[in-house]
Each structure stands twice: as C-alpha cells, then as structure tokens.
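Here is a short report on charged pairs and a surface patch. Look over the sequence and the structure before reading on.

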Amino acid sequence: KAADPVASVYGGFGKFTSQNGIALTDIERVMITGVGSAYISSDIYGLKTEHVSEFVSTGRGGLYLTGLPEAVIVSMGTGTALVHAKSDGTTEYLGGTGVGGGTLIGLSKKLLDMDTVTHITELAEDGDLSRVDLRINDISSSPAGRLTETMTASNFGNISDLATKSDIALGIINLVFETIGMVSIFAARNHSIRNIVLTGNMTGVKQAKAIFSGLNSLFDMNFIIPEMSRFGTVIGAALSGIDSTYFE
C-alpha cells in the first residue's frame, strides 16, 4: 500500500513479478486501468504500456468470470460503479454510488475506532441487526406485497442503547451492501436483466454472500459472486490486451 498512485503501481508491479518469478524480459506488454492509471504517462520499466477504460475492463472481466452473454457488472471498491456489459464487446457505464469500501472504513473508524476491514468483519460475526436497523415487523404486523418481516425499513433506524460494537459493525456492513444491492437492482431492472455480477475487493467481505443472497430471494434477482471476483477488473484489462477492440 502507498498513498501515491505511482508508488503503488511500481511497488505492486515489483512485488507481483518477484513473488511469481517473472522476469521483465518475459513480459510483452502491460495493460493498465483504473482512475489511478491517469498518473502513469510513460511505459512501466520500459515495457510497452497501454491504457484500458476501467468500465470496459470491469464489464469484460465480469462476463469472463461468469460466462454470461450479458449482465450488469458491479465493481465494489472505495465507491461503487455499475456497467452494463454484453459479450459483443458493448459496455455502458450506468453510474454508481459513493457508498462502498470507503464508507465501511470511514464509518467504522468513527463509530468503532477500527479501520481494518478484516477486523471489522470478524467483529460483525456476532452482531444482531435487530438492535440496529428498523425492520418491517417493527412498523407493520402484516407486510404487504413482497415485503417480509425481516426486510430493512431503515438502516440504523432502530439503534438500541444496548447495541454492541458487533451489532454496529454488522449494521454498517449491511447498510453498505444493501445500498449497493438496491442501486444494482434498479439498474438491472431498467435493462430487463436478472444477472448482476459482483466484483472488486468488497466481495471478499464475509457477510457479502448472505446479504446478497437475501436480496436475491426478496427481489427475484441473481446476484453472483464468481471465483476470483476481486480481480475482475484486472482480468478484463488483461483480456483487452488480446482483443484490441476493447481498447479505450
């Protein structure tokens, strides 16, 4: 990790090649993507370096990891970006939300005095959302339509004086993932799509699978967290080096 994006790129590149026994002479070219890539204006270590659109990379990587011909691909990082991708190479940036990993870390730092994601997620394992969130059964004795008794009516809308740090940690995680989930559902419905592929570092959070599975049941969607989901965007960038039609 490094605060400076250029230092991050060179440090990460050096560590990756060293750990995997890759010599610079083994590398034909480097594909680079992401907002930080704008700081890299020259070839890395003298290797041919080509920039790829982050949204193209996210879309291509998400489809590759799942084998789907079309889907909404969600990149969950510091914030969250949504891309509508098709196997013919079409990618459309749909927007996103500022809620993401940055939100999780920022709120946890203030509310829990913790800023390490693994520690926050471990703490949340013993959490109870009923002491944090307002649920449908708190405001209605007979839920209407597809609503269920345990569905969230208001994140942090029922915070108890007895809420523990574990409860608050789970509440923060739930807030982040439910916000991302609902934004993704609205985007997918707008394109008549059920498949939503989740990628990015936030997919590694322990509670992600359960929360998105719950949204699948509630809204008849198909949230997918594929194997290697954390590396979806970089895989898409690598694939773009094979097919020039995916260049920015």
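Is R131 buried, partly exposed or exposed? R131 is partly exposed, with a relative accessible area of 29%. Keep in mind that this is a predicted model.

**Salt bridges**

Side chains of opposite charge can pair when their charged atoms come close. The structure holds six salt bridges. R131 takes part in one of them, with D128 as its partner. D128 counts as partly exposed too, at 28% relative accessibility.

| Pair | N to O distance |
|---|---|
| K48 and E50 | 3.2 Å |
| D128 and R131 | 3.8 Å |
| D220 and R194 | 3.5 Å |

Take D220 and R194, which form a salt bridge. D220 sits in the loop between α7 (208-219) and β9, and R194 in the loop between α6 (165-190) and β8 (195-199), so this pair ties together parts 26 residues apart in sequence. D220 is partly exposed at 44%. R194 is partly exposed at 42%.

Now turn to K48 and E50. K48 is partly exposed, with a relative accessible area of 47%. E50 counts as buried because its relative accessibility is 14%, and buried means under 20%. K48 and E50 also belong to a network of salt bridges that includes R29.

**A nonpolar patch**

Which residues make the nonpolar surface patch? They are M228, F231 and V234, and the patch covers about 290 Å². F231 lies in the loop between β9 (222-224) and α8 (232-240). F231 is partly exposed, with a relative accessible area of 39%.

Methods. Residues are numbered from 1 along each chain as its sequence is written. This is a predicted model: local features need pLDDT of at least 70, side-chain atom pairs count only at pLDDT 80 or more; totals for chains, interfaces and linings use all residues. Side-chain values use heavy atoms; hydrogens and water are left out. Patches are made of residues with over 30% relative accessible area and no salt bridge: like charges are joined within 9 Å, nonpolar side chains (Val, Leu, Ile, Met, Phe, Trp, Tyr) within 5 Å. Accessible areas come from the Shrake-Rupley method with a 1.4 Å probe; for residues, only the protein chains shown count as cover. A salt bridge is a side-chain nitrogen of Lys or Arg within 4 Å of a carboxyl oxygen of Asp or Glu. Helices (H or I, at least four residues) and strands (E, at least two) are DSSP runs, numbered from the N terminus. Buried means under 20% relative accessible area, exposed over 50%, partly exposed in between (1.4 Å probe, protein chains only).
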